[in-house]
Amino acid sequence: MDLNKLVFDIFRFSYFLIYVALHLFLYLGLLMERRREKRTIAGPEKANPSVSLIIPVHNEGRRIGPLLKSLEAQDYLPLEIIFVDDRSQDESTEMIAAFIRRVDHGRARIITLTENPGPNYKQYALSQGIAASSGDFFLLTDADCEVPPSWVRGMVRRMSDPASGAAMGPVLKTSKEKGFFYLYQCYEHGLRYLYLAGAVGLGAAGGGFGNNLIIRRACLDTLGGYDQVPPSPTEDAALISLIRSKTDYKVRAALGEDVQVLTQGEQRWKDFMNQTLRWNNGGIFSPDRMTRFNYTFLMLSSFLGVLGLLLLPFIPSLWPLPLGLQTGMTLSTVFCLVYFGSSLPRRRFGPAYVLSLLFTPPYFSLMTFMGLLGYKPRWKGKEV
């Protein structure tokens with residue numbers, strides 16, 4: 001028997017089995033998490049705990065309008081809304097002040113920062129908002145988002161189990177523009193959340209979207225406060241990893257339409273790639289060992305499938321690598337359309353999403369290697 005051939009066969013078929021099995025396990029976790037969510041929200045509503053909604057703002061005058069309008073539709077009480085103005089130089093503060101005048105007296109206020117030492121400027125702004133809040137729960141979103149009328153109530157219901165320390169919700173990009181670039185952002189955002197929610201279902205929570213996240217005050221107190229979260233390009237992922245690894249509280253993931261938050265897409269590939277690089281670096285260089293291993297393993301195994309595809313014309317026997325890669329990506333696309341299809345663009349529905357699933361592995365591979373080579377993303381014009 002040719003030993004080299006045996007080793008090669010084990011490698012190529014093992015890759016196929018491992019990559020496909022990884023996705024099957026992730027989506028088993030997703031289904032388990034969805035089942036838990038349905039059980040949680042099926043029970044009777046209890047007395048409303050107090051909620052502090054914290055929104056960091058930095059020069060968001062062009063994009064904050066939809067958020068302010070959607071916040072007026074929230075009917076949850078008691079709710080305090082804290083805007084943390086991080087040295088804005090546009091009309092953001094005037095728009096927020098007008099919003100505060102429209103809502104009930106005392107429900108909303110603004111904190112103005114005159115300096116921000118960083119290194120993650122948003123993380124520092126959040127720490128100031130949390131320190132000034134009084135709610136039993138902290139609910140986080142961003143100034144460029146739009147939330148459904150049921151959002152606050154729905155996120156609180158996901159926390160009805162006292163063992164739940166935090167719950168993340170889906171964030172989907174929205175765009176009225178035509179073209180692959182805009183559609184792909186919407187697809188990629190939904191896909192990324194499914195991976196995160198699947199990991200939550202398997203007990204390996206390591207990330208989430210900080211613009212749709214609720215945290216129990218008692219859980220944060222157990223950690224020693226928000227300042228215990230280590231500086232990271234993705235402060236939300238660092239917080240979730242810390243809750244999972246350092247407390248007995250559970251992290252949950254929501255999938256229902258009642259808590260889907262919409263955020264506006266980027267207008268340039270440069271900005272979108274910078275955003276992706278920031279998220280990728282947050283996973284690859286996470287302070288949490290499990291998160292770091294899981295994310296890097298997924299990215300590098302995807303790159304291996306891309307490499308197999310590039311070498312296929314020269315080494316046809318490598319076919320299990322691209323086949324495994326595209327089988328996993330097809331599963332991901334199907335689940336993305338099942339859970340978020342009603343919120344995703346419908347233009348050229350079939351061909352556009354086939355192109356998206358083919359584009360994702362090489363794009364993620366590029367972002368991974370840029371991060372490993374030392375490229376650093378920027379946030380609000382500052383390197384993080």
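The radius of gyration is taken over C-alpha atoms, and the globule rule is 2.2 Å times the number of residues to the power 0.38. I needed that rule for my opening entry, and I note here that the model is predicted.

**Entry 1: the chain as a whole**

I looked up the overall dimensions. For 384 residues the rule puts a compact globule near 21 Å, and the protein chain has 21 Å, so the two agree. I then checked the extent of the C-alpha trace, which spans about 80 × 40 × 40 Å along its principal axes. I counted 12 helices and 12 strands in the protein chain.

Of the 384 residues, 55% are buried. Among contacts with a separation of 6 or more, 83% are between residues 24 or more positions apart. The accessible surface comes to about 17,200 Å², and carbon and sulfur atoms hold 61% of that.

**Entry 2: the open sheet**

I traced the strand order. Seven strands form an open sheet, in the order β3-β2-β1-β4-β8-β6-β9, with mixed pairing. At the edges I found β3 (108–113) and β9 (250–253), each of which pairs on one side only. On average, neighbouring strands of this sheet are turned by 20° against each other, with direction ignored.

Strand β2, residues 79–86, pairs with β3 in the parallel sense over six bridges. In this pairing I found F83 opposite I110 of β3.

I then asked which helices lie across these strands. Helix α3 (residues 92–102) lies across β1, β2 and β3, and runs at about 155° to β3. Helix α4 (residues 121–131) lies across β1, β2, β3 and β4, and runs at about 145° to β1.

**Entry 3: strand β8**

I moved along the sheet to β8, residues 213–216.

Are the faces of β8 covered or open? I found both covered: L213 and I215 on one side are buried, as are I214 and R216 on the other.

**Entry 4: aromatic rings**

I looked up ring pairs and found 27 aromatic pairs in the structure. The rings of Y15 and Y19 have their centres 5.6 Å apart and their planes at 15°; planes under 30 degrees apart count as stacked, so this pair is stacked. Both residues lie in helix α1 (residues 3–42), four residues apart, about one turn of the helix. Y15 and Y19 are both buried.

How are the rings of Y184 and Y363 arranged? Their centres are 5.9 Å apart and their planes are at 90°, so I logged the pair as edge-to-face. Y184 lies in helix α6 (residues 180–201) and Y363 in helix α12 (residues 349–372), so the pair ties together parts that are 179 residues apart in sequence.

**Entry 5: S134**

I looked up S134, which is found in the loop between α4 and β4. Buried or exposed? S134 has a relative accessible area of 54%, and the cut-off for exposed is over 50%, so S134 counts as exposed. Leaving aside neighbours within four places in sequence, S134 is in contact with S50, S52, E80 and R217. S52 is 82 residues away from S134 in sequence, while their C-alpha atoms are 6.6 Å apart in space.

**Entry 6: backbone notes**

I went through some loops. The peptide bond from L77 to P78 is cis, with omega near 0°, and P78 lies in the loop between α2 (65–72) and β2.

I noted two positive phi values in residues other than glycine. For N59, phi is near 55°; N59 lies in the loop between β1 and α2 and is partly exposed, with a relative accessible area of 33%. For R87, phi is near 60°. R87 lies in the loop between β2 and α3, and at 26% relative accessibility R87 is partly exposed.

Technical notes:
Residues are numbered from 1 along each chain as its sequence is written. This is a predicted model: local features need pLDDT of at least 70, side-chain atom pairs count only at pLDDT 80 or more; totals for chains, interfaces and linings use all residues. Side-chain values use heavy atoms; hydrogens and water are left out. Two strands pair if DSSP finds at least two bridges between them. Axes are lines fitted to C-alpha atoms, for helices over the stretch in contact, and angles run from 0 to 180 degrees between N-to-C directions. Contact means heavy atoms within 4.5 Å. Rings of Phe, Tyr and Trp (its six-membered ring) pair if their centres lie within 6.5 Å; planes under 30 degrees apart count as stacked, over 60 as edge-to-face and the rest as tilted. Buried means under 20% relative accessible area, exposed over 50%, partly exposed in between (1.4 Å probe, protein chains only). Accessible areas come from the Shrake-Rupley method with a 1.4 Å probe; for residues, only the protein chains shown count as cover.
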